[in-house]
Amino acid sequence: MSQKLASIRGMNDILPEQSSLWQWLEVRIQSVLDRYGYQEIRMPIVEHTELFKRSIGEVTDIVEKEMYTFNDRNGDSLTLRPEGTASCVRACEQHGLLYNQVQRLWYVGPMFRHERPQAGRYRQFHQIGVETFGMAGPDIDAEIILLTARLWRELGLSSKVRLELNSLGSSEDRARYREALVAYLSERIDQLDDDSKRRLERNPLRVLDSKDVGTRAALKDAPVLRDFLGDDAKAHFDGLCAALDQAGVAYQLNPALVRGLDYYGKTVFEWITDDLGAQGTVCAGGRYDGLVEQLGGRATPAVGFAMGLERLVLLLEQQRPELRPQADIYVIAPDEKTAGLLLSEALRDALPELKIQSHCGAGGLKAQMKKADKSGARFALILAEQEIAKGVVGIKPLRGNGEQQEVAQAALADWLATQFASGE
Ligand code: ATP
Ligand code: MG
């Protein structure tokens, strides 16, 4: 007997009963992006491995242990994208979108990381990301944060998320800080976990990110990056904070926020919830002025973020927003199937906003009514022999306690339009 095949661990199906919440979420995010004048870009999900190594950084969790990398039939090393920023920069460079232009872009799609699957952490997960190019000042940093704050309001999540903010300074600032941090940690090397010891040599700032208790204790009096910021980074950060203050967006400064990718400088931020345990970051981003040049383009200021859709869906499931039912109207024609199809078609012409489901397949009137009820529709329309003969349609309200009634076929579309215009 052949064994049943199952999906790969950490790579999930999104089933029909879940997909309406996903769509609800995606539509709202895309509408906000649209209203800010951001344009969609679609990149492939596979890229040359080199792209991610050169952008995300060799000594990062993603590149060291999380990438899905394989050789294709030509022997080229390819990688399923673990994030979107690198691909987006590659695409913009390749198609000349960055030369003397400003870009405000977004993308949505699956990302792949070989992590330990748990609630809120998967091996295939989905992000909506935003990347902006060509704007160096703190105004655009503030804009993308205001955009996310508006999004939480529209999703009803404002009370569940808080904003943490930090500045990583310029690359020179970070170089000076790195020296001080290495000097400090070298004196306490025995207290560090093995990962941090290794990072101390190759990527010392990542030690700040460690969750190891011993390392955290050793970091207690470590030098703070904020004290190493130069005038430019300081002015940039002050500008951002002032804009957020004026706009009434609350934030907490978090000097330990360094983010797991190498390309960030100056602004970094995370929106965090306390309702998803250790997987609390729902949206993370920052400025990466050096990345375009690092990937072979001209120096181009850039700032962006990505949000994890699974984590937002988990939050929304706690919230249970009102979703549209599968159908608004369920059409039943037990004696003459084609009459039901044609009535449905005519209603779809007349009422394009409504969802109309027509009963197909077998089942007596009672079974069909059950299906109608399950569809979530407000009305079942019944078109049996006797209604056809009279030129009417039977209307049975499925929500609330209205009586069944008959409406002339010619007046049906108007009658339904009035019902749905007046709401529930
Ligand atoms: P974490 O610290 O949780 O591992 P990260 O810093 O690796 O997150 P980013 O690379 O900044 O995450 O990705 C942006 C967002 O994408 C995260 O804030 C999170 O919401 C989501 N995300 C990242 N990795 C996963 C994953 N494995 N499963 C589900 N969502 C994820
Ligand atoms: Mg991670």
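**A walk from the ligand outward**

Around ligand 1 stand 15 residues, and the closest are Arg113, Glu115, Arg121, Arg259 and Thr281. Keep in mind that this is a predicted model. Start at the ligand and find these five side by side with it on your screen.

Now look at single atoms. Tyr122 takes part through its backbone: one of its polar backbone atoms is 2.9 Å from a nitrogen atom of ligand 1. Gln127 takes part through its side chain. A polar atom there lies 3.0 Å from an oxygen atom of ligand 1. Arg311 also uses its side chain, with a polar atom 3.1 Å from an oxygen atom of the ligand. How much of the accessible area of ligand 1 does the protein cover? On its own, ligand 1 has 580 Å² of accessible area, and the protein covers 88% of it.

Which elements give two or more residues to this shell? They are strand S6 (124–133), strand S10 (281–287) and strand S11 (302–308). S10 gives the largest share, with four residues. The shell can also be sorted by residue type. Six of its residues are nonpolar, four are polar and five are charged.

S10 is joined to strand S9 by six bridges, and the two run antiparallel. To see the pairing, find Trp271, which stands opposite Cys283 in S10. S9 covers residues 265–273. On another pairing, seven bridges join S9 to strand S7 (residues 161–167). These two strands also run antiparallel. Here Leu165 stands opposite Phe269 in S9. So S9 has bridges to S7 and to S10, because strands count as paired once there are at least two bridges between them.

Are the residues of S9 buried or exposed? Nine of its nine residues are buried, and the strand is mostly covered. In a regular strand, side chains alternate between the two faces of the sheet.

Most residues other than glycine have a negative phi.

Where does Asn100 sit? Its place is in the loop between helix H4 (85–94) and strand S5 (103–112). Asn100 has 71% relative accessibility, so this residue counts as exposed, because exposed means over 50%.

The last stop is Glu47, in strand S2 (residues 46–48). Glu47 has a relative accessible area of 7%, so this residue is buried. What does the side chain of Glu47 make polar contacts with? One partner is the side chain of Arg90, at 2.7 Å. Another is the side chain of Ser87, at 3.4 Å. Leaving out residues up to four places away in sequence, Glu47 touches Phe52, Ser77, Leu78, Thr79, Ser87 and Arg90.

Technical notes. Residues numbered from 1 in each chain as written. Chains lettered and ligands numbered in written order. Predicted model: local features only at pLDDT ≥ 70, side-chain atom pairs only at ≥ 80, totals over all residues. Heavy atoms only, no water. Near = heavy atom within 4 Å. Polar contact = N/O pair within 3.5 Å; in protein donor to acceptor, adjacent residues only side chain to side chain. Areas by Shrake-Rupley, 256 points an atom, 1.4 Å probe, with all protein chains shown as cover. Nonpolar A, V, L, I, M, F, W, Y, C, P; charged D, E, K, R; others polar. Buried < 20%, exposed > 50% of the residue type's maximum accessible area, 1.4 Å probe, protein only. Contact = heavy atoms within 4.5 Å.
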